[in-house]
Each structure stands twice: as C-alpha cells, then as structure tokens.
Amino acid sequence: LVSQTRQTNITVCSDRYIDNWFCAVKMAEISELTSRNAILDSLAVLRDKQKNIDNELDSLLEKQGQLDNKMSSLLHTVPNIEGLLSDSYRLNDIVKEASQLAEAVSSKVRLLDVAKSRVFDCMKRVDDIIDLKDCVDGVQSAMKSKDYEKAAAHVHRFLSLDENFLKETGPDVKKVDSFMSSMGILQSASTELKQVIEEKFKEAVQNHDQHNIERYLKLYPLLNLHSEGLKRFASYVCRKVASFGTSASAKIEAAVDSDNLKDGAFGQSFNTYFENVAVLIEQYSPIIETHYGPGWLFLLLQPLQAECDKHVAKLCELLDSHRHLKRTVQMVQLSGPSAQEKPSGKEVDALLTELTHVLSSMELYFQYLRKKLLADELDASQSQTVDQLGEEATSMLTNSQTTTLEHNLVSNFLILENFFMKESYSKALAMSTTSSDGLSSSVTDDLFFILQKCLRRSVSCVVVDCTCAMINNVSTLLVTDFKEVILQRFKSSFLVGGGYDFADIQSMFQSAKPTLEDQPSPQMTLNDIELTIENIQKLCAQLQMECSKMSPQGTQPSHLKKLDSCIANLRSGIAVFKALLQDSVSQFCNDSLLAKLTLSIEVFATVKWVVTQDEYQVFEINEPFVPQLISCVDGLIKELKVVLLPRPFEIVADDIIGSIAYLIEKEIFKCSFNQLGGVLLERELRSLLSFASSLMDWAVRDKFARLLQVSTILSLSSPKEIHDYWGPTASGPIAWRLTPSEIRKIMSLRIDFRSEDVSRLKL
C-alpha cells in the first residue's frame, strides 16, 4: 500500500509538470518566437517553472514519511471502529428498553398520586365531618354553660372550614338532613354568640370592668369580626383619651381661676397628657398583636389619634389664651429697631422654655406612634426591614390636627427665639467691656453663651426642622451681623492720624479696663476674632454631640442628614473668620507696625556694602545694620506677645517677619556690592534669622529663603560660580525662589561683575 501511494504521488507530480509545461508553451505562443532573445526569454520562463515544480516535488517527498505513518495508524484503527459501531447498536437497544420501562412505571406512579390525593381528600372530609359534629356538640354545651370562650373556639373552628367543600360533601353523607342541620345550628350559634359578645362588651364598658372588656375583646377575632371588634374597642379607648384631655384642661383652668398658673404648667400638662395616651396604647397593643395578629394596630390608633387631636387643640387654645402667644408673636413681628413696645426678654425666655417642653412632648409622642406602626407593619409584611410607613399610616400622622398645631408652634417658636437671640446680642454689644485679663471684649463670650442657650433649646424641642432652622439663623448672625460689627470696630480702632504706634498699644494694655466704645484697640479685635473661631468650633462639637442623642430610633435618616448639613454650614463660618483674622492682621501690621519697621530698615541703604578687607574686619566686630533692627523687633514682638492671644500673635509675628524680609529685599536693590559686601550681607542676614528663630516657637526660615539666596549670589567670586548652585551641575538640590531674570538683576549689583559675563549666563 505504501509503495502504491508513493507511485501515485510520482505519477501525479509528473502529470502536473507536463500540464504546466504545455500551459507555458501556450502562453508564449510559438508563432511570436521569431528572434533569439525571445526564444531565450521563453526558455528562462520555462526553467523558472521547472525549478518551482522541482521544489514542490521535494517538499511533497519530504512529507512522505509522515503520510506513511498516518496511513498505518489509520489502518490499525479500522477494526476498533467496527467494534464501536456494534457496541453503539447494543447500547441503543438497552436505552430503548429502559425508556419503555420508565414510561410504564411513571404511568403507575401517576395513578398512585391520584389515588393518594383522593384518599387525603376523603380523610379531610371525614375529619371535617367529625369536627363539624364536635363543634355542634361543643357549642351547644358551651352556650348553655355560658362558656363563651369555648363556644367562640368551636365557632372559630367551624368558620375555618371550607363551606363550599362541606356543601359538596353533604350529598355523599347518608344522613343529609342531619349534616345540613348541623351547619345551620353552627351558623345560628355564631350569630347568637356575636350578639351576646356585643351586649357583654357594652355592659363591661358601661361598668368600667377592665377584665371583661379585655375578655370579650379577645373573642371578636374568633368570630372573624376583627374590624368590628377594634371599632367598638376604639370607641372605649377614645373615651379614656377624652377623659385625659378633659382632666388636663380642667387643671389648667383651675390654676387660672385660683391665680396659681405657674411657669411651665402647659409644658407639664402636654407632657402628662401624651404620656397617658402612650401608656394606654402600650397597655392594649400586646392584646391586639396577640389575638388580632399583626397589621391591625392601625385600626385602633386612627380613631384614637382623631380624638387626641381635639384635646390637643383645646390645650393649645388655653396656651394661647393664658400665655398670649399670638399677641407676643405679633408684637415681635411688628417691632423694629426703634419700636417702643416690645416684649421683654425675660417674658420671651419663659415662653420659649414652655414651648420647648410642649414641642418636645408632641414630637416624642409622634416618634412613639411612628415606631409602633412601623413595628406592626414589619410583622405584617414578614420581611426583614421596613424603612417607611404605609400610605394610610403616613397620611394619618401627616394630616392630623396635632401635626398642624405642632408646625404652628414651631413657626412661633422660631420667631420668638430669633427675636430673643438678636435682642440679647444687641444688649451684649451695648454692655460690652474689656474682659478681666484685658485681652478681649466681653461681647464674644456673651454672644456665644446666648447662641449656645438658643441652640440647646432648639435641640431640646426634638423637632429636627426647628433645630436646623435655628442653626441656620445662628450661622447667619455670625457670618453677617457679627462679622460686620467686628469689621466696623476694627476700622474705628485706628487713630485718625494713620494708626497706633507702639506707645499707644502699650498704654491701652496698661489702662484699667476701659469700655470698648471709649477706647477700642485693634489687638483686642484680633483676639475677639480668634475667640470667635474657637467658640464656633466648641459650638459645633457640642451641637454634634447633643444631636446624636436625639432619639436615634425615632429620627428618620433624611432628618439626620439634614442636621449634619446644617452643622457643616455653621462650621464653614470658621473659614470665614480665619480669613477675616488674616486680613485684619495684615491691615494691623501695615497701618500700625510697618512705619516703625520701615524707619529701622531704611538704615540699610546708608550702610556701605562695597568694603575693603580692613572694613570687613571692623564690621565683623561691630555689625552695621542688624543690631538696631533686632532691638526694634525684639521690643515690638515682646509687647505684642503680652497683648495678643497665641494664634493672633503667631500670625502678627509671621507677618512682621515677612514684612522685614520684603523691605530688606527692596533696600538691597538700592545698593551696590562687592564680594566682601555680599559675604557681610549674608552674615547679617544669618544673624537676623538666628534671632527670629530664637524668638519664635515655629520655623521662620522660609521667610528668609529669598534673602539668603540673594546674599549667596552677591557673595559669589564670579558669575560662572552660579552653576555650582543652579542647573544640572549644581552640587545639591536647591529650591530656588528666584527667577533667572532676578538672578541677573542681582548680579548687576556687583560692581566687580561685567555685564557681558552676566548676560552670557545660561540659566
């Protein structure tokens, strides 16, 4: 077989060679081969064709061994394939037999399932017939013995049976008349039992028999009368709620008649009333949950809340009548800066305290209702989480009259609280004096005591919207009104002649507690700004802590986010006053301190910086510029440290050091230098830096970075030496504060540097 295959390959290749040769001859068209060159070209083409055919034959012959091996392996596998074919036929027969057997078994199983279901139906019918007979016997004996609980249980068992199923069973029973009469007996017993329970429940309510009220309340669900039972029970509960409200109103009116209405009486009355209602709900809700099941509590709370609304409205009328709430709010709304008739701050404060207790009792009551309804809906839905109430419960809470009254009280509370805050703030400004330490004014501490009191009172209301509104009012007062007052005081603190000098600052600190209006001082205003920043930070921290205690289970997540947003808005005032402090320090330094510093620094231009070796040695002993400047700055810094708080002092001192560096740099460009002068300048600047570092508690080297780089350039021996500090050839990394043009300008101050050398530098 292998030899036959080889011979076949050779024959095919030979035939292909002949075909290719004839094709080439046809393409050349022998009639056109009339010249020697044409014949040679045609011969070359044929040789190329022959060469390609030889290469193809060689490649085929190289693969001959692989083809032989594959053919041999194929011949060996043929017997195995024939065996597999016979096995597959046998497997097919086996699977076919198994399939037929499975079909036969499954049909028998289906018949068994049908028979089983019929047996179960039959057993259920038998059980129902037995239960029906037991219910008839049990309910008759129970009704005769007035055991209504047992009778209700038998009726409940009868009602749980499928009536249609029982009617279908009736014709199959031998004694059909007896079967149908049993059903009639149970139906009439159910009707009779319902009438008995209604009469007994009504009688128990009239006699205020708590035990029997609860006893017959539990029987309604057994008769599938859930709604009717809860309706009758709700009317009883509403009577108790009405008695609570009548009692609370009567106590207020009795106190008014005896002229003994104390402060906080209304807050106590509201709190007592809502507590009694909540205790009533807590007393009966377990009975509803146990015997009626989850999801039925709303039917009790809906009429209860409607009755509660009436008595809350009555209490609010008494509050307005005897505390003159509306009249006080109208006076506040109509009062202006020059109004003669205003409510006194003491009256408003007492009224706000009472409103706080009223609002907190209302909101805590609503949070309690929301929690109970949410738990009931969670049990009814049988899900793991229920985040929001259903539409009916939400509508009941949102549209109740108590909610409307709460919103009105919150509105009045905010009007009065805002009035109290601004009036107290105005009095604090008018009575402001210097604090005991002489560093700040009393208005800052007084203001934040007022703001803290107002915010705590709004948090005590437990109403999130009220708290958020008050936080926003406080934030507005700080970043607008109080900021403007500080700006005006800071501007008025400067003398007409152009600001305080050093003697003015010292004399004001030594004076015996002058009022701010008599003798304002800029450093006191700077301290007030710093105290304001600290107080806002404390206020935000206290507010965050107190808000976190606001009933986390009753407060909705959206309300918590709103609180966080308002507190963040209040905290943003810190950045406003920090910017104000920075601007005020700059103005204070420019108007009060810069003139004195300028006089000391202008001496720099009078110093000779082109020095000889002998002069340099003299200047090493007697520094020509820095001692006088250090003496001036040292005295100024020490006195400022006494009259300024740490943070304002740091900013002022930092600004002074920065101004000194800036002024010295300006004076440098007015002078000429040689190398010794540059070395002397560097020595002077390092002495000044050492003094500043010893005087301050923080790093000041950054302020002198440009000056030290200027002195380094001025002390170079040649312009090319700059490459030791600048560019890729520098000995170490240096954060240069100077630009290439500034470096060339500084080098031009050297009298011994040629301008051509400086301009040729590649920087």
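What we have is a predicted model, where local features need pLDDT of at least 70, side-chain atom pairs count only at pLDDT 80 or more, and totals for chains, interfaces and linings use all residues. Residues are numbered from 1 along each chain as its sequence is written, and side-chain values use heavy atoms, leaving out hydrogens and water.

Let's start with the whole chain. Its secondary structure comes to 26 helices and 0 strands (DSSP runs, H or I of at least four residues for helices and E of at least two for strands, numbered from the N terminus). Of the 763 residues, 40% are buried, meaning under 20% relative accessible area with a 1.4 Å probe, protein chains only.

Now, how do α12 and α14 pack? Helix α12 (residues 345-381) meets helix α14 (residues 401-430) at an angle of about 150°, with the axes 10 Å apart; axes are lines fitted to C-alpha atoms over the stretch in contact, and angles run from 0 to 180 degrees between N-to-C directions. The two are therefore roughly antiparallel, the word for angles over 145 degrees.

On to the core, a set of buried Ala, Val, Leu, Ile, Met, Phe, Trp, Tyr and Cys residues joined through side-chain atoms within 4.5 Å. The largest nonpolar core has 182 residues, and Leu 478 is among those touching the most other members. Helix α19 (residues 557-601) gives this core its largest share, 14 residues.

Finally, which residues does Leu 478 contact, leaving aside neighbours within four places in sequence? They include Leu 447, Phe 448 and Phe 577, with contact meaning heavy atoms within 4.5 Å.

Key. Parallel < 35°, antiparallel > 145°, perpendicular 65-115°, else oblique. Buried < 20%, exposed > 50% of the residue type's maximum accessible area, 1.4 Å probe, protein only.
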